[in-house]
Amino acid sequence: MPSADIELEVESLRSQLEAWNYQYYVLDTPSVPDAEYDRLMRRLQELEQQYPELVRPDSPTQRVGGEPQSEFSQVTHEVPMLSLDNAFDGAELRDFDRRVRERLGNPEAEVEYACEPKLDGIAVSLLYRDGVLERGATRGDGYSGEDITHNVRTIPSIPLRLQGEHIPGVLEVRGEIYMPRSGFESLNQRAREAGEKTFVNPRNAAAGSLRQLDARVTAQRPLEMCCYSVGQVERGELPVTHTQVLDRLLQWGLRTNPESAVVVGAEACEAYYEALAVKRDQLPYDIDGIVFKVNDLALQQRLGFVSRAPRWAIARKFPAQEEMTRLLDVEFQVGRTGAITPVARLEPVFVGGVTVSNATLHNSDEIQRLGVQVGDTVIVRRAGDVIPQVVSVVSERRPDDARPVAFPDRCPVCDSPVEREEGEAVVRCMGGLVCAAQQKAAIKHFASRRAMDIEGLGDKLVEQLVDEGLVENVAGLYTLTREQLQGLERMGEKSADNLLAALEVSKQTSLARFIFALGIREVGEATALNLARHFGNWETLAAAGDEQLLAVDDVGPVVADHLRQFFDSASSMQVVEQLRRAGVNWPDLEVAPPEQLPLAGQIWVVTGKLEAMGRNEAKQLLQDLGAKVAGSVSSRTSCVVAGPGAGSKLGKATELGVEVLDESAFLQRLAALGIEL
């Protein structure tokens with residue numbers, strides 16, 4: 001039998017682990033390293049294994065899941081989980097507000113609304129009895145759903161026991177279980193590597209994960225839950241407004257959405273909608289609209305319900321991110337490294353707020369996985385700035401004249417042979433600089449803003465320069481004359497002089513930009529910066545062996561091999577020599593050990609949308625300067641970079657008095673540290 005001291009230790013371990021779970025999964029403010037959490041979890045597991053009588057269903061150790069179930073049982077919702085009416089434009093939202101005011105008998109008064117992002121996940125119900133999770137169920141048809149208790153118990157953001165005071169004896173909590181985008185991408189990547197079927201989108205992945213009869217499978221899926229309301233409540237009282245109820249749920253250990261807000265009137269609702277529409281693509285999860293609810297619960301009761309929807313709430317939908325259309329043809333584009341990419345030519349369709357007529361099919365493996373044929377009806381997905389892609393085929397709509405997609409065995413541009421290296425999904429043209437497509441792509445990359453930044457050298461002009469035989473490689477740009485340029489279509493004397501001046505300005509660059517501009521396979525901006533800072537000058541880098549290259553952060557065997565191939569190529573090094581003879585130059589860098597980097601020991605957070613760079617690039621730059629980049633703001637945070645759309649992290653930084661930089665100030669800080677973008 002366990003002693004009183006053992007029982008006390010077990011209870012203490014559970015309390016501490018539950019508190020850390022709350023900080024990590026609900027508040028997004030972890031207070032201890034993962035290793036410390038793991039240490040306490042192992043100790044609790046050891047004690048529960050030694051004393052099985054101490055095991056409780058709400059213990060943090062009981063999330064993994066037991067033996068598979070044979071089927072899902074049905075659950076009847078004591079309070080129906082009704083659906084919402086939709087508004088697809090501002091006029092319909094204003095009509096909803098007008099109806100609310102009229103039904104309340106005061107058409108001139110403005111109503112207070114709770115605004116919440118509408119997560120694109122699966123609606124579920126959680127039943128807590130005396131603060132302990134008793135049951136989880138899907139929404140189903142609104143009146144009955146499936147019992148998924150064994151699966152919801154595996155989700156870390158769902159507490160097995162509520163914390164705090166004044167918890168009702170029976171509390172039914174409703175919310176959305178969803179899969180964050182990063183988790184979705186990782187899940188699909190693992191599926192591709194294992195040769196398994198991938199999921200179409202995060203909602204599809206979340207639904208499939210919740211309907212696993214084996215909870216151990218669900219436990220491996222990166223699911224989260226966000227609460228948005230309550231249903232059945234017995235032996236206890238709740239506050240008088242919807243947002244106060246959500247605040248109470250947060251205090252009890254349940255996650256709510258930090259983007260939620262309270263506004264007054266229809267115009268403020270529309271402004272909230274527009275703000276979240278801008279921020280939508282920067283959120284770590286998918287949302288398909290905004291839910292507006294009358295905030296006062298007493299007014300909700302007065303308004304009541306109609307059919308299967310409440311009169312006091314409405315969902316204002318965003319433009320769809322997925323639509324069906326027809327695949328008209330497949331064409332093949334050749335990139336700067338020779339990669340041949342299939343591009344779907346589509347019957348134009350409005351998706352994600354724009355009209356889409358082209359979408360990527362990635363590679364031959366993806367075509368085979370999708371089983372797509374020309375003439376098929378396909379589902380196209382576009383999210384934010386992501387290139388539209390074909391995600392699935394509506395096979396039952398396949399026409400009789402559909403034909404398979406034939407991948408070329410020779411380059412569609414230069415007719416050179418194509419090859420597929422072992423272990424790679426990409427098919428490449430072997431024509432090299434003989435291939436006009438590769439020449440053009442390499443020059444466009446070299447001239448781009450984040451490489452040599454040659455103003456005025458646009459894509460169409462590059463096409464002309466190569467087609468007219470004036471430039472064969474990037475070094476040829478610096479031999480162009482005014483006479484040659486003036487002979488081109490739509491290129492006058494002033495335009496020619498401006499381009500020549502821009503070429504002259506571009507000669508003064510940095511080692512990192514130059515390395516990136518060369519277009520070496522797998523060497524992006526962050527890797528180029530790491531190489532520049534590690535070696536300090538071109539000569540040392542070009543002479544580096546595999547062991548020295550592998551010592552650089554972010555350089556693995558594949559990148560090292562591509563670098564070595566470039567340095568060992570006589571033609572590549574000849575181009576570099578031609579560039580240097582043309583006057584392209586950069587200052588050498590001092591090589592500093594990590595502890596001497598300018599931001600060593602500092603913790604930074606990046607949030608919101610950045611215009612001059614992506615957030616990943618900003619994070620990489622900060623790491624290269626010695627900073628640690630965290631995902632949440634705490635009292636230990638040194639600085640927060642906040643672009644447009646920054647939300648709860650900016651608020652937390654302001655609350656804690658942490659230094660905040662907008663993008664302009666951030667770029668100035670980088671410039672002061674010697675980094676020009």
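Let me start with helix α3, residues 90-103, which lies across β2, β3, β10 and β13. Strand β13 covers residues 313-317, and α3 runs at about 170° to β13. Keep in mind throughout that this is a predicted model.

Five strands form an open sheet, and the order is β2-β13-β10-β3-β9. The pairing in this sheet is mixed. Which strands sit at the edges? They are β2, residues 85-87, and β9, residues 261-264, and each of them pairs on one side only. On average, neighbouring strands of the sheet are turned by 35° against each other, with direction ignored.

Strand β3 is residues 112-119, and its pairing with β10, residues 287-294, is antiparallel over seven bridges. Y113 stands opposite V294 in β10, and P117 stands opposite I290 in β10. Strand β3 also runs antiparallel to β9, and four bridges join those two. There, E112 has V264 of β9 as its bridge partner. How much of β3 is buried? Six of its eight residues are, so the strand is mostly covered. 

Strand β14, residues 322-334, and strand β15, residues 340-351, pair in the antiparallel sense over seven bridges. They form a hairpin with five residues between them. In the turn, G338 has a positive phi of about 90°. Strand β15 also pairs with β16, residues 354-360, again in the antiparallel sense, over six bridges. This second hairpin has two residues between its strands, and G352 takes a positive phi near 65°.

One residue links the two pairings. R345 in β15 stands opposite D329, and in β16 the bridge partner of R345 is N358.

The phi of D130 is near 55°, a positive value in a residue other than glycine. D130 is placed in the loop between β4, residues 122-129, and β5, residues 132-138. Is D130 buried or exposed? With a relative accessibility of 52%, D130 counts as exposed, because the cut-off for exposed is over 50%.

The other one is H166, which is not a glycine but has a positive phi of about 60°. H166 is in the loop between α4, residues 149-152, and β7, residues 170-178. H166 counts as exposed too, at 64% relative accessibility.

E366 lies in helix α11, residues 364-370. Why does E366 count as buried? Because its relative accessibility is 11%, and the cut-off for buried is under 20%. Leaving aside neighbours within four places in sequence, E366 is in contact with L361 and V390.

S506 is in helix α15, residues 493-506. S506 is buried, with a relative accessible area of 4%. Not counting residues up to four places away in sequence, S506 touches M452, I454 and Y478.

Last, a pair of helices. Helix α17 is residues 525-535 and helix α22 is residues 615-624. Their axes come within 10 Å and cross at roughly 15°. That angle makes α17 roughly parallel to α22, because angles under 35 degrees count as roughly parallel. The crossing of the two is right-handed.

Which residues make the contact? From α17 they are E525, A526, L529, N530 and R533, and from α22 they are E617, Q620, L621 and D624. Sorted by class, the contact has three nonpolar, two polar and four charged residues.

Conventions:
Residues are numbered from 1 along each chain as its sequence is written. This is a predicted model: local features need pLDDT of at least 70, side-chain atom pairs count only at pLDDT 80 or more; totals for chains, interfaces and linings use all residues. Side-chain values use heavy atoms; hydrogens and water are left out. Axes are lines fitted to C-alpha atoms, for helices over the stretch in contact, and angles run from 0 to 180 degrees between N-to-C directions. Angles under 35 degrees count as roughly parallel, over 145 as roughly antiparallel, 65 to 115 as roughly perpendicular and the rest as oblique. A crossing is left-handed if the near helix is turned anticlockwise from the far one by less than a right angle, and right-handed if clockwise. Contact means heavy atoms within 4.5 Å. Ala, Val, Leu, Ile, Met, Phe, Trp, Tyr, Cys and Pro count as nonpolar, Asp, Glu, Lys and Arg as charged, and the others, Gly among them, as polar. Buried means under 20% relative accessible area, exposed over 50%, partly exposed in between (1.4 Å probe, protein chains only). Two strands pair if DSSP finds at least two bridges between them.
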